[in-house]
Amino acid sequence: MIERYSQPEMAAVWSTKHRLEIWLRVELALVETLEERGTAPPGTADAIRSKVVLRPERVDELEATLHHDVIAFLTSLTEQLGPEGATLHFGMTSSDLLDTALSLQCLQACDLIEGGLAPVLARIRELALKHKMTVMVGRTHGVHAEPTTFGLKMLGWYTELLRQQARLREARAGMRVGKLSGAVGTLAHLPPEVEERTLERLGLAAAPVSTQIVQRDRHAHLMLALAQLAASLEKFATEIRNLQRTEIREAQEPFGSGQKGSSAMPHKRNPILCERISGIARLLRGYAIAALENVALWHERDISHSSVERVILPDAFIIMDYALNKFCLVMNGLVVDEQQMRRNLDLTGGLVYSQKILLALTKHLGSREKAYAIVQDAARMIWDGRGSLKEELMKHPEVSRLLDREELDRLFEPEAFLHSVDAIFARTLGKETQS
């Protein structure tokens, strides 16, 4: 991933140096198990630790000739060792090392994503509670529908992110496996207890059944979890972008005092962070498709997945980490214009209360079709720019006969639904959230 979209901690997880450190950790875990069982001389692992210095540049130099990164790595180690070097990689195949180490990297990366998600969840929950009763117009098809609250919108985001968090945790659990089962997964050269004990040292479980590799449905699940999390961020970012439109201007991402929005138009305040998040989500969806393509491999293994994963796994985690950071900045600095929300709510002269009128007239008339025709005819006048729905309805003899002015005023009360919002918050966050 390009430096522009990389944060140091996540980038370090996927660095060449860290990858080689994990490879050495896996190799040493096996040596320790062999020592424990008496297969390797006591102190072998400590001797290797004391003598070996990881030299990424030497690994690269060897790989240029060997064309095999694992053999290049092992050669760079044994060059620095005596007889104890013979214990390294004992009974293993390359994928035993690669896939076990990759699982450890993915777990570390998942923990960083979880850490980045936590403040986003906290901030959205805070906004939901703060704006629980902040009335605004709800829109369907981009058109004014009925009143809602900004807090309820935020509560929807919050619960969606909780679902994405659960999916990520489930996918992480699926990656907490490794293998030392050999070339075709038969444990022909290392007994099951060696595999299990070695992986236990690493905080992993043994994949119950493997071929030469850990099966790639696990990795696909992880990539789908990241893509779904990104899709939610894109959904939220798209909503902010729409709310920031000049014609709406109900909410907007922060704009710094020294920030500039356009090289040509000094007045511009563009939602560039939200647009960037939307773009990143597209990348992650593409990576998820590539991960799904990696599930089907030839027989017990081929390496068509390898070149794909060298790109998509580091890139996906790095840009997901970046997107979470930027979205957190957006939400922490989000400008919410409650007055503009009220102005927009009143923009259509009461049309947003049409269903309440429909239901009241249906009850009095005993005919939904007749009530619908009355309200729709009055609404048509308002769409044409004539007055308000309330005044137009009062002109209708049937309405004025059935509904007095006081009852009609109640039907046009924008806060009438807030008790229901309170109930939604209570069932979602608990009774303590009720007003």
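**Exercise 1. Are α2 and α5 roughly parallel or roughly perpendicular to each other?**

*Solution.* The structure is a predicted model, in which local features need pLDDT of at least 70 and side-chain atom pairs count only at pLDDT 80 or more, while totals for chains, interfaces and linings use all residues. Residues are numbered from 1 along each chain as its sequence is written, and side-chain values use heavy atoms, with hydrogens and water left out.

Step 1. Two packed helices are described by the angle between their axes and the distance between the axes. Helices (H or I, at least four residues) and strands (E, at least two) are DSSP runs, numbered from the N terminus. Axes are lines fitted to C-alpha atoms, for helices over the stretch in contact, and angles run from 0 to 180 degrees between N-to-C directions.

Step 2. Helix α2 (residues 16-36) packs against helix α5 (residues 69-78) at an angle of about 75 degrees, and their axes are 12 Å apart.

Step 3. Angles under 35 degrees count as roughly parallel, over 145 as roughly antiparallel, 65 to 115 as roughly perpendicular and the rest as oblique. Helices α2 and α5 are therefore roughly perpendicular to each other.

**Exercise 2. Determine which residues of α2 and α5 meet, and classify the contact.**

*Solution.* Step 1. Contact means heavy atoms within 4.5 Å. From α2 come L20, W23, L24 and E27; from α5 come D69, V70, F73, L74 and L77.

Step 1. By class, this contact of α2 with α5 has seven nonpolar, no polar and two charged residues. Here Ala, Val, Leu, Ile, Met, Phe, Trp, Tyr, Cys and Pro count as nonpolar, Asp, Glu, Lys and Arg as charged, and the others, Gly among them, as polar.

Step 2. W23 also takes part in a charge-ring arrangement: the charged end of R19 sits over the ring of W23, 4.9 Å from its centre. The criterion is NZ of Lys or CZ of Arg within 6 Å of the ring centre and within 35 degrees of the ring normal. Elsewhere, K132 lies over the face of F425, at 5.5 Å from the ring centre.

**Exercise 3. Identify the ring pairs that link W157, F236 and F327 into a cluster.**

*Solution.* Step 1. Rings of Phe, Tyr and Trp (its six-membered ring) pair if their centres lie within 6.5 Å; planes under 30 degrees apart count as stacked, over 60 as edge-to-face and the rest as tilted. By this rule the count comes to six aromatic pairs.

Step 1. One of them joins W157 and F236, stacked at 4.5 Å centre to centre with 15 degrees between the planes. This pair links distant parts of the chain, 79 residues apart: W157 is in helix α7 (residues 150-174) and F236 in helix α9 (residues 217-243).

Step 2. The ring centres of F236 and F327 are 6.0 Å apart and their planes stand at 35 degrees, so this pair is tilted. It too links distant parts of the chain, F236 in α9 and F327 in helix α11 (residues 304-332), 91 residues apart.

**Exercise 4. Describe the location and exposure of H141 and R249, each with a positive phi.**

*Solution.* Step 1. Most residues other than glycine have a negative phi. In H141, phi is near 60 degrees; in R249, phi is near 50 degrees.

Step 1. H141 lies in the loop between β1 (135-140) and β2 (143-149), and R249 in the loop between α9 and β5 (251-252).

Step 2. With a relative accessible area of 82%, H141 is exposed. R249, at 39%, counts as partly exposed.

Note on methods. Buried < 20%, exposed > 50% of the residue type's maximum accessible area, 1.4 Å probe, protein only.
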